[in-house]
Amino acid sequence: MDKIAVVILNWNGVKLLEQFLPSVIQFSDGATIYVADNDSTDNSIEFVTEKFPTVKIVKNSGNHGFAKGYNDALKHIDAEIYALVNSDIEVTENWLKPILETFENEKQTAIIQPKILDYKNKEYFEYAGAAGGFIDKYGFPFCRGRIFETVEKDNGQYNDDCELFWASGACFFIRKNVYHQLEGFDESFFAHQEEIDLCWRASNEGHIIKYNPASKVFHVGGATLQQGNPKKTYLNFRNSLLMLVKNLPKRGLFFVIFFRMILDGIAGIRFLTQGKFGHTFAVLKAHFSFYCLSLKYLKKRKDFQIQQYYTVKSIVFLYYIRKITLFKDIFNSIQNI
């Protein structure tokens, strides 16, 4: 068994592989590198085989998205630690060493995220993960270094390692035994928020999620599905509701989901006033899909859910009403942790 496998999920991403795979190969001494291909129709496999013969290929049977794509590929990869890395990630020298040291020294730590900076603006954190993730009572995610559309400059303010609620799927380290114990990502999610769901389930089982700033990567973000794409809106809104059904504590379950749906409705109206009709339709479609799947997801609930899953009651209220846009200021103002 390998100590660590770096696994890059790919679908028609030959240009991303050409740009970013060299840094992974250069700086991943001791790791076995895999490209897990979601049945690409471009020349991704031929390119990797010819240009980077040390990289192993795992072929999936179709474009199964992030969740099932990784689930299928990891059945064929034997390593103590999985490093799941987006194809638009540039890694840096010694990025693996601090992660492996944490896993070695902290046996209860099951999932780790590095510091994720913006490839296009390297002094700033990147939207999808930044310095580690949390959620509010109603399931809205936010990060140290990024709350909604406000992304902070990296001034070293998050150079402390700390426990998280969720680690970003853009660069996601997890122990193999924990991944399979949790039965991997929820394949119905397809993509978006499946890593938050997995981390929540890990927390319910007593595992710890950590952020390690000594490991640093740069992420392009939106290379496979742009931030303004209505499909992304649909998946985020639908998957967030499904995640709540699965993982919320029993007490207050239906109230939280009902109030979250009201907030979603307000977001849909906001999209409408901005002329973003596709996004309004995406919210409606997400809710309709949620209705269809809710009974199925109630059956996925486990016997135990952690009670204190959220960091603040409403990040929406703090950000849009109180105008608190920086993570550090949340904790200077709060009475609702």
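Me: In this predicted model, is Asn12 buried, partly exposed or exposed?
Reply: Asn12 belongs to the loop that links strand E1 (2-10) with helix H1 (14-26). Buried residues fall under 20% relative accessible area and exposed ones over 50%. The relative accessible area of Asn12 is 29%, so the residue is partly exposed.

Me: What is the phi of Asn12?
Reply: Most residues other than glycine have a negative phi. Asn12 is a residue other than glycine, yet its phi is positive, near 55°.

Me: Where does Lys323 lie, and is it buried or exposed?
Reply: Lys323 also has a positive phi, near 60°, in a residue other than glycine. Its place is the loop between helix H10 (315-321) and helix H11 (327-333). Exposed means over 50% relative accessible area. For Lys323 the value is 62%, so this residue is exposed.

Me: How many of the 7 residues of strand E4 are buried?
Reply: Strand E4 covers residues 79-85. The strand is largely enclosed by the rest of the structure, because its buried residues number 6 of the 7.

Me: Which residue in E4 stands opposite Val7?
Reply: E1 and E4 run parallel and are joined by 6 bridges. Within E4, the residue opposite Val7 is Leu84.

Me: Which residue in E13 stands opposite Tyr82?
Reply: Strand E13 (residues 171-175) runs antiparallel to E4, and 5 bridges join the two. The residue in E13 that stands opposite Tyr82 is Ile174.

How values were computed
Residues numbered from 1 in each chain as written. Predicted model: local features only at pLDDT ≥ 70, side-chain atom pairs only at ≥ 80, totals over all residues. Heavy atoms only, no water. Helix = DSSP H or I, 4+ residues; strand = E, 2+ residues; numbered from the N terminus. Buried < 20%, exposed > 50% of the residue type's maximum accessible area, 1.4 Å probe, protein only. Pairing = 2+ DSSP bridges.
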